[in-house]
Amino acid sequence: MSTTTIKTSRLAARTLRSGAAAVALCAAASTASASTPPNTLVMAWNIDAISTFDPAQSGEVVTNELIQNTCNALVSFDPEDEREIRPGFAHDWGVSEDGREITFRLRTGATFPSGNPVTAHDAAWSLQRVVHLGYGAAATLTEYGFTSDNVEEMIEAVDDETLVMRLDKPYPVNLLMQAIAANQAASVLDSELIMAHEEGDDYGNRYLTTRTACVGPYRLTRWDAGEALILEANEEYWGEQPPLSRVFVRHVSEPGTQRLLLEQGDVDVARDLGPDDLADLSGSSTVTIEQTLRPQLFFWVFNLEDERFAHPEVRLAMRYLIDYEGLGESVMNSLGVPRASFVQLGAVGALDEEEGQPFSLDLERARELLAEAGFEEGFQASVIFGTLPHSAPIAQSVQQNASQVGIRLDLERMANAQLFARVRGREYQSAMLAWQTTVPDAHGNASRLVYNPDNSPEAQLTQYPAWRAAFYDEELNARVEEALLEADAERRDQLYAELQRDVMEVGPMAIMFQMYNVAGVRNEIQDWSWHGFRTYYALASK
């Protein structure tokens with residue numbers, strides 16, 4: 001996926017201004033200021049989804065981005081090309097001839113902010129910890145055969161500088177490397193510090209709720225939930241020091257307020273602007289709109305524990321209540337492109353734009369499908385959604401269309417953290433939210449939005465959207481596994497194409513849009529760098 005700049009003109013960097021202490025920045029979160037400090041990147045962003053900084057447990061896009069900028073994994077992506085893997089805390093690696101063993105060679109001499117040395121034992125412990133805890137992020141590793149019973153044997157530190165990862169099957173190694181690069185679950189953690197704060201058998205999970213303990217260009221120094229967050233440059237970092245020594249994130253949920261702060265120069269970057277704001281700012285001489293297509297899908301998901309949504313005809317009917325074209329030209333203008341396939345554009349195996357979006361608003365077809373399912377008179381159901389600016393207008397549009405076929409939809413808006421908790425607990429009838437995959441390959445979403453290894457409530461597979469929807473199809477599970485291990489590239493593409501077409505008919509989600517990353521960036525900021533999978537704070541400067 002390529003990064004585009006809607007408006008390319010930039011002014012010369014303005015005169016640097018005096019800095020301000022972190023405490024002063026926090027105080028500024030609720031008051032107006034005339035400028036931002038020269039050593040600080042200041043962002044306005046809706047960060048109400050943050051609930052923990054434990055890489056084993058967090059799953060929100062916001063938290064993932066923050067952890068990726070504070071915690072190195074073994075490998076990373078090339079900032080210029082998200083399909084290319086480059087060294088992270090491992091400086092190189094090798095794969096055995098049978099494809100079942102990867103040997104990572106790690107950097108030496110690095111220390112955590114605590115002063116503890118960073119070793120391969122920390123890297124192995126961090127990966128084992130994710131599997132042992134068994135939170136949603138564990139799926140990143142368990143889908144490659146690692147279990148709580150075998151992970152200490154399969155992921156092993158041979159010495160302080162060498163880590164060996166053994167696989168039960170010859171999985172596509174590039175897929176596994178992409179998963180490590182993209183997913184915060186592979187972060188190298190400070191095992192000594194964390195275990196010193198262990199409570200019971202929680203592997204320091206409670207300790208990491210409000211802090212990070214890892215090695216990266218920045219470290220988290222303050223988080224005031226619902227208000228602000230500060231990252232400071234890690235002076236002990238093994239790599240190059242970032243040009244900006246501080247990142248300050250102000251929680252601002254309203255796009256209009258973000259735009260005002262950006263135009264006034266109170267923030268350098270606004271992350272949640274609406275279509276009208278983006279259109280107006282595209283002519284600004286002080287702000288540039290940065291945009292890149294990201295692997296995130298916005299969808300309407302149905303809980304199959306509800307008997308109405310257990311009918312595939314009902315789920316298909318819901319897809320015909322969505323005005324993809326009209327919403328794409330209004331609410332989602334500059335924010336996303338219509339997309340019904342579970343595979344994002346740009347991924348290996350994805351259907352093209354036309355094949356991947358065969359639906360349109362069709363009330364008559366929706367009525368026919370409802371009648372086939374025995375709901376000629378319609379029904380009443382609820383839709384929950386969060387604080388993303390586009391969620392409410394999309395929900396209201398669907399509500400209006402649904403009312404014309406006899407379906408009454410009750411809308412309920414809530415904080416994103418509450419929304420995610422409800423959906424992960426299967427405590428909903430239907431919901432609108434976004435999901436972002438971790439790899440630029442069809443398997444990334446096939447393994448989460450279609451595949452469900454265990455549909456029992458006790459499984460608590462909260463990082464599997466298919467589980468959250470109580471969607472389980474044994475045949476589709478088998479087809480996902482078949483495509484993953486198919487060695488012939490052409491045959492693999494064919495398997496994914498067939499899977500996408502079938503899932504659009506019966507899947508638990510009416511996928512509506514693939515999202516853009518869009519930000520308003522003041523021209524003082526140089527080298528704003530991002531792609532679909534990462535945003536690189538350490539490359540930005542003023």
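Residues are numbered from 1 along each chain as its sequence is written, and side-chain values use heavy atoms, with hydrogens and water left out. Because the model is predicted, local features need pLDDT of at least 70 and side-chain atom pairs count only at pLDDT 80 or more, while totals for chains, interfaces and linings use all residues. The mean pLDDT (the predictor's confidence in each residue, from 0 to 100) of the protein is 91, and 94% of the residues reach 70 or more. Over residues 1-33, pLDDT stays under 50. For this stretch the model has 71 contacts (heavy atoms within 4.5 Å) beyond four places in sequence.

Helices (H or I, at least four residues) and strands (E, at least two) are DSSP runs, numbered from the N terminus. An open sheet is formed by 4 strands in the order β5-β6-β8-β7, and the pairing (at least two bridges found by DSSP between two strands) is antiparallel. The edges are taken by β5 (90-95) and β7 (155-159), each with a single partner strand, so one side of each is left without a neighbour in the sheet. From one strand to the next, the twist averages 25°. Strand β5 is joined to β6 (residues 101-106) by 5 bridges, and the two run antiparallel. In β6, T103 is the bridge partner of G94.

Two helices pack on this sheet. Helix α3 (residues 120-133) touches β6, β7 and β8 (162-166), and the direction of α3 makes about 170° with that of β7. Helix α6 (residues 173-182) touches β5, β6 and β8, with a direction at about 40° to that of β6. Axes are lines fitted to C-alpha atoms, for helices over the stretch in contact, and angles run from 0 to 180 degrees between N-to-C directions.

Helices α15, α17 and α18 make contacts with one another. The axes of α17 (residues 474-485) and α18 (residues 489-506) come within 9 Å and cross at roughly 155°. That makes α17 roughly antiparallel to α18; angles under 35 degrees count as roughly parallel, over 145 as roughly antiparallel, 65 to 115 as roughly perpendicular and the rest as oblique. The crossing of α17 and α18 is left-handed, meaning that the near helix is turned anticlockwise from the far one by less than a right angle; clockwise would be right-handed. Residues in this contact include L476 and V480 of α17 and L495 and Y496 of α18. By class, the contact has 9 nonpolar, no polar and 6 charged residues. Here Ala, Val, Leu, Ile, Met, Phe, Trp, Tyr, Cys and Pro count as nonpolar, Asp, Glu, Lys and Arg as charged, and the others, Gly among them, as polar.

Helix α15 (residues 442-450) packs against α17 at an angle of about 160°, with their axes 10 Å apart. The two are therefore roughly antiparallel, and α15 passes α17 in a left-handed crossing. H443, A446, S447 and V450 of α15 meet L476, N477, V480 and L484 of α17. This contact has 5 nonpolar, 3 polar and no charged residues.

The axes of α15 and α18 come within 11 Å and cross at roughly 35°, and this crossing is left-handed. A442, H443, A446 and V450 of α15 meet R492, Y496, L499 and V503 of α18. The residues of the contact divide into 6 nonpolar, 1 polar and 1 charged.
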